[in-house]
Amino acid sequence: MKIEFLEYKVDNLSMDETLEYIEHAIDNQRHIIREDLNAAKIVWMKKDPDYAKLIINADLINADGQSVVMASKWLGNPIKERVSGVDLMESLVSLAYKKNYKIFFFGAKEEIVQTVVEKYAEMYSPSIIAGYRNGYFTKDDEATIADEIGQSRANIVFIGISSPLKEQFVHQYKDIMNANLLMGVGGSFDVVAGKVKRAPVWMQNAGLEWFYRFLQEPRRMWKRYLYTNSMFIYLVFKEKIFGS
């Protein structure tokens, strides 16, 4: 069931329900795009309507941000729970092993994505790996990359490249890639490879994962978080006081 949050539709699904939805889609040879909403993404969507269209046209949209879940409860239209992209990715890798799905990993630096593939091949089986490629390319490379993914016959494609390039690539080349699930995973490859540490669970649950990330790279992240967090709080209070 979809509910409205700050004028955007979100699938009000738990992690288990999201996994069931995706498994059903793959088993029935559907082709879906999964997106997510967090505080920063909502702010950028409000600022860029073209970017917003790429997100809202996805088949499945989860709340990937505890601040979104907390705000939805305060606004009186609660979202069940956060569906973290990295947690969903790890659960889907496990599901792929159980169901003989094939996965293509696309994004990050060569050594990072290679480490991710090696880790999952060792944890589960090399049979789940359809292929992989780093996330450094030019516009002229895009069609070739999409064709490579399509030729791999992957059921699932995890895409770890930055927005809005990721969304633009997915929507332009989804038919060529021909996967059952196209899913952006942000910086999840860095987490799995051990390059970036996740916040402790208590910070995740308190909506402070952004602050933990800020502490790791304060010089690079402070302006981004100051702007997006402030704007998100403004949008939530505006909604509470004035409505849509």
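Asp64 pairs up with Arg82 in a salt bridge, with 3.1 Å between the closest N and O atoms; the term covers a side-chain nitrogen of Lys or Arg within 4 Å of a carboxyl oxygen of Asp or Glu. This pair ties together distant parts of the chain, as Asp64 is in the loop between β4 (60-63) and α4 (66-74) and Arg82 is in the loop between α4 and α5, 18 residues apart. Helices here are DSSP runs of H or I with at least four residues, strands are runs of E with at least two, and both are numbered from the N terminus. Asp64 is buried, at a relative accessible area of 11%. For the record, buried stands for under 20% relative accessible area, exposed for over 50%, and partly exposed for anything in between (1.4 Å probe, protein chains only).

A word on the model itself: it is predicted, so local features need pLDDT of at least 70 and side-chain atom pairs count only at pLDDT 80 or more, while totals for chains, interfaces and linings use all residues. Residues are numbered from 1 along each chain as its sequence is written, and side-chain values use heavy atoms, with hydrogens and water left out.

Side chains of opposite charge can pair when their charged atoms come close. In this model the salt-bridge count comes to 13. Among them is the contact between Glu7 and Lys46, at 3.4 Å from N to O. Here too distant parts of the chain are linked: Glu7 is in the loop between β1 (2-5) and β2 (8-11), Lys46 is in helix α2 (residues 39-47), and 39 residues separate them. Both ends are partly exposed, Glu7 with a relative accessible area of 48% and Lys46 with 33%. Glu4 and Lys9 also meet through their side chains in a salt bridge, at 3.6 Å from N to O. Glu4 is partly exposed at 35% relative accessible area, and Lys9 is partly exposed at 45%. Beyond these pairs, a network of salt bridges connects Arg34, Glu35, Asp36, Lys41, Lys166 and Glu167.

Turning to the helices, two packed helices are described by the angle between their axes and the distance between the axes. The axes are lines fitted to C-alpha atoms, for helices over the stretch in contact, and the angles run from 0 to 180 degrees between N-to-C directions. With helix α3 (residues 49-56), α8 packs at an angle of about 55°, the axes being 10 Å apart. With helix α7 (residues 142-152), the α8 axis comes within 9 Å and the crossing is at roughly 55°. The α3 and α8 pair is therefore oblique, and so is the α7 and α8 pair; angles under 35 degrees count as roughly parallel, over 145 as roughly antiparallel, 65 to 115 as roughly perpendicular, and the rest as oblique. As for handedness, α3 and α8 cross in a left-handed way, whereas the crossing of α7 and α8 is right-handed. Left-handed means that the near helix is turned anticlockwise from the far one by less than a right angle, and right-handed that it is turned clockwise.

Ser163 is partly exposed, at 38% relative accessibility.

Asn100 has phi near 60°, a positive value in a residue other than glycine. Asn100 is in the loop between α5 (85-99) and β5 (103-107) and is exposed, at 64% relative accessibility. Asn178 has phi near 55°, again positive in a residue other than glycine. Asn178 is in the loop between α8 and β8 (181-184) and counts as partly exposed, at 48% relative accessibility.

Finally, the surface carries a nonpolar patch made of Trp74, Ile233, Phe237, Ile241 and Phe242, with about 580 Å² of accessible area together. Patches consist of residues with over 30% relative accessible area and no salt bridge, like charges being joined within 9 Å and nonpolar side chains (Val, Leu, Ile, Met, Phe, Trp, Tyr) within 5 Å. Accessible areas come from the Shrake-Rupley method with a 1.4 Å probe, and for residues only the protein chains shown count as cover. Helix α12 (residues 218-242) gives the most to the patch, with four residues. Phe242 is in helix α12 and is exposed, with a relative accessible area of 66%.
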